[in-house]
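Please consider the structure shown below together with its sequence. The briefing that follows is arranged by topic.

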Amino acid sequence: RRVAVVGPNAAVARTLGGGSATVFPAYTVSPLEGLRAALGDHVEVLHGEGVRTHHRIPVAERDRLLLPDGSGPGAEVRFLDAGGRVLGSDRRLGGAFAWLGTLPDDVPVAGVAAVEVRTALRVTTSGPHVLGCSGVGRFRLAVGGEQVFDTRLSVPADGDLAEAHMRPPQHGTPVHLREGETVDLVLRHEPLGADGAAGPVAGITFQVNVEPPHPDDDEEIERAVGLAGSADVAVVVVGTTEEVESEGIDRASLELPGRQDELVRRVAAANPRTVVVVNSGAPVLLPWVGEVPVVLLAWFPGQECGNALADVLLGDVEPGGRLPTTWPASADGLPSTRPVDGVLVYEEGLFVGYRGYDRDGREPLFPFGHGLGYTTWEYLGVEVSGPVSPSRAATVAVRLRNTGRRLGREVVQAYASRPDSALLRPPRWLVGFGTGLAGPGEEVTVTVEVPWRALAHWDVGQRAFAVEPGDFDLAVGASSRDLRVTTRVHAGR
């Protein structure tokens, strides 16, 4: 009857990666919105942010921006020449803007001297709001018809030019606003080159930034714990931000930013029925994983994020993904991301990811290929049809039985090894996979193709791929560490 949905990514999830992965969808559905829509009016859904994970002023939330005439959500954008003449216009739904080469109405970027964004901000909380901008060039912001700043922003002389796009300079000023009011905002931007010099530019990118007032983390964590303790189920949505995980940025740590680990632990202690949703694009450390019953990895799920999440959490759809990466139990043994004397040496060689774990005997938190669904599987047997040759793949037939109570889908994975090889090899490597779908108690045969190329190595002398002839061991199972049945496949030249 009551669900608590808390965490910094609950109301505004990361739906896509940063940098070149950025697109501007017509709408997005947050985890909070998706669960509220799916559960309906008969279930009370409570919400708390829990902790803050960002240090930069965030982009203005799209549901807080209205067109100046009040006709709908969004912002009106006008492109002006040096004389102030309007060359073209656009309507956008969010506070982040990017154009490369050509603008709407076929306006060339090089002909634009200024871009003017007109919008109205819906105020939902009384108090000091930090209103600002991000980008390179001159910015002037008017709030309610009164100019609050006129500033020039540029990338530092010793900075990376990519910062102009990935982590552009920002400026903001506090303005006290009252809950319920709608305030007109006009941001005028005169674009400059990435080095801060005037002249033609290849593209225009900037943001309208708004940081609403917020309590401190201690207060927000206590509130989240209270909501969780009063609910039947708690859902904690944690994740990364563009400040720590994005194109153009090396992560200094795999830890979740801010006090998210503390939030998870406190919520789980208050409610044993806690689901943790991890909203990140790559592995993160989960030191609390043994303290919670469920972890769901959402990755960057796109604009339908909330609806898809609700489908999975409520059992309408089985989570069917399998890890394409190894998730470490701790930071111990991870390769360094820091150059020494300007050089970063990649020492892993063949032993990248799970291959290195298998060689060293280390235990990952979650192995490559791992993933659970809403049923269980028994591996009954495996047969191989034919040897592998350059013109013919071997067919591995794996018999499975669904031993659970629901329809399910299993991802069957085949790993090869060659203990007596004359070559340097990893202990095992993925050579093929296939999927099987079966109802409760049903059996299914999954076919996995093992091509010649999957067993090949690069022959330096021949400058071509070659296969070491003979038998390769095959281990088949549900992940690189959950291997159920074994067989062999013969490879010819």
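Asp341 lies in the loop between helices α5 (305–313) and α6 (354–360); helices (H or I, at least four residues) and strands (E, at least two) are DSSP runs, numbered from the N terminus. The model is a predicted one, in which local features need pLDDT of at least 70 and side-chain atom pairs count only at pLDDT 80 or more, while totals for chains, interfaces and linings use all residues. Residues are numbered from 1 along each chain as its sequence is written, and side-chain values use heavy atoms, with hydrogens and water left out.

**Loop residues with positive phi**

- Most residues other than glycine have a negative phi.
- Asp341 is not a glycine, yet its phi is positive, at about 55°.
- Asp341 counts as exposed because its relative accessibility is 78%; buried means under 20% relative accessible area, exposed over 50%, and partly exposed in between (1.4 Å probe, protein chains only).
- Asp105 also has a positive phi, near 60°, and is a residue other than glycine.
- The loop that holds Asp105 runs between β7 (102–103) and β8 (107–108).
- With a relative accessible area of 55%, Asp105 is exposed.

**The protein chain as a whole**

- The protein chain contains six helices and 27 strands.
- Of its 493 residues, 46% count as buried.
- Along the principal axes, the C-alpha atoms of the protein chain fill a box of roughly 80 × 60 × 45 Å.
- Among contacts between residues at least 6 apart in sequence, 71% join residues at least 24 apart; contact means heavy atoms within 4.5 Å.
- The accessible surface of the protein chain is about 23900 Å², and 51% of this belongs to carbon and sulfur atoms; the areas come from the Shrake-Rupley method with a 1.4 Å probe, and for residues, only the protein chains shown count as cover.
- The chain has 46 positive and 63 negative charges, and their mean positions are 3 Å apart. Lys and Arg count as positive and Asp and Glu as negative, whereas His and the chain ends are not counted; the place of a charge is NZ of Lys, CZ of Arg, CG of Asp or CD of Glu.

- Five strands form an open sheet with parallel pairing, in the order β2-β1-β16-β17-β18; two strands pair if DSSP finds at least two bridges between them.
- Strands β2 (44–48) and β18 (294–297) stand at the edges with a single partner strand each, so one side of each is left without a neighbour in the sheet.
- From one strand to the next, the twist of this sheet averages 20°; axes are lines fitted to C-alpha atoms, for helices over the stretch in contact, and angles run from 0 to 180 degrees between N-to-C directions.
- Strand β1 (residues 2–6) runs parallel to β2 and is joined to β2 by five bridges.
- Within this pair, Ala4 has Leu46 in β2 as its bridge partner.
- Helix α4 (residues 260–270) packs on the sheet and touches β1, β16 and β17 (274–279), with a direction at about 170° to that of β16.
- Helix α1 (residues 31–39) lies across β1, β2 and β16 (233–239), and runs at about 170° to β2.

**The three-stranded sheet**

- Strands β19, β20 and β23 form an open, antiparallel sheet in the order β19-β20-β23.
- Strands β19 (377–385) and β23 (443–450) are at the edges, each with a single partner strand, so one side of each is left without a neighbour in the sheet.
- The twist here averages 20° from one strand to the next.
- Eight bridges join β20 (residues 394–402) to β23 in the antiparallel sense, and Arg401 stands opposite Glu443 in β23.

**Strand β4 and its partners**

- Strands β4 and β5 form a hairpin with five residues between them, and Gly84 in the turn has a positive phi of about 90°.
- Six bridges join β4 to β5 (residues 86–92) in the antiparallel sense, and Leu80 has Val86 in β5 as its bridge partner.
- Strand β4 also pairs with β9 (residues 114–122), antiparallel and over five bridges; the bridge partner of Glu76 in β9 is Arg118.

**A buried histidine**

- His129 is found in strand β10 (residues 127–135).
- His129 counts as buried because its relative accessibility is 3%.
- Leaving aside neighbours within four places in sequence, His129 is in contact with residues including Val123, Thr173, Leu177 and Glu211.
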